[in-house]
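Let's walk through a structure together, one side chain at a time.

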Amino acid sequence: ATGVGFSDRIAHLNGDTTASVIERDLPRFTHLVVVSLVQCGVAGVMAPSLHFLTRTLALQWRRRLTQYLHRLYFGNQVFYKLCCVANEGSRVQDPEIRLTEDVERLCGELASTWPELIKPGVDILWFTWKANGYVGWKNTGLLYLYLLSGFLALRAISPNFGRDVCLAAELDSEFQALHSRLRTHAESIAFFGGDSK
């Protein structure tokens, strides 16, 4: 929310600065330059602060998820069942990687999506409030109706990219699994001349 208001303030500041240059108002121009420098300082603090908060959130989620997974993993001999007892195809080859790197990546990605999820909603609210101030509720509603109809038209003619990405991931996973099996049974395949089949 602060970022949207800050962007709006910078836009107004740019307009006011240009007006003071055109009007040759040196004291106002000097004041606006100082205000601009202060805003640059604030902007320089906001981005690292957001990054710090995102990393802190990811770390908290990672700690909780790792503790939860460790309770499951070390309880009731699950680690032994996953690594040694399960069938060859259902064995987990690298549980330590899943408990460390995969959990870290998942928590980092989820934490980084929060600012990206919140910002569009705040942008829409800010735009609606500002548009209402300039053109009224009726025209703002007509603008949103126009945007919604354009969205629905694009949705109707666009291909299903989600399905394509899912299919590509599934095929990639199957390809990797087959190569893993090939590596596991490479000696037997070579001994029986299976390379030509």
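A residue counts as buried when its relative accessible area is under 20%, as exposed when that area is over 50%, and as partly exposed in between. With a value of 29%, Asp 16 is therefore partly exposed. Please keep in mind that what you are looking at is a predicted model.

Let's stay with Asp 16 and look for its partner. Side chains that carry opposite charges can pair when their charged atoms come close. Here, the side chain of Asp 16 meets that of Arg 28 in a salt bridge, at 3.9 Å from N to O. Is Arg 28 buried, exposed or partly exposed? Its relative accessibility is 30%, so Arg 28 falls in the partly exposed group, between the limits of 20% and 50%.

Arg 28 has another partner to show you. Glu 23 also forms a salt bridge with Arg 28, and the closest N and O atoms in that pair are 3.6 Å apart. Because its relative accessibility of 53% is over 50%, Glu 23 counts as exposed.

Arg 163 is exposed, at 53% relative accessible area, whereas Asp 164 is partly exposed, at 37%.

A search of the whole structure turns up three aromatic pairs. Among them is the pair of Phe 127 and Tyr 144, whose ring centres are 6.2 Å from each other. The planes of these two rings make an angle of 90°. Since an angle over 60 degrees counts as edge-to-face, that is the name for this arrangement. As for accessibility, Phe 127 is partly exposed at 40%, and Tyr 144 is also partly exposed, with a value of 26%.

Key:
Residues are numbered from 1 along each chain as its sequence is written. This is a predicted model: local features need pLDDT of at least 70, side-chain atom pairs count only at pLDDT 80 or more; totals for chains, interfaces and linings use all residues. Side-chain values use heavy atoms; hydrogens and water are left out. Rings of Phe, Tyr and Trp (its six-membered ring) pair if their centres lie within 6.5 Å; planes under 30 degrees apart count as stacked, over 60 as edge-to-face and the rest as tilted. Buried means under 20% relative accessible area, exposed over 50%, partly exposed in between (1.4 Å probe, protein chains only). A salt bridge is a side-chain nitrogen of Lys or Arg within 4 Å of a carboxyl oxygen of Asp or Glu.
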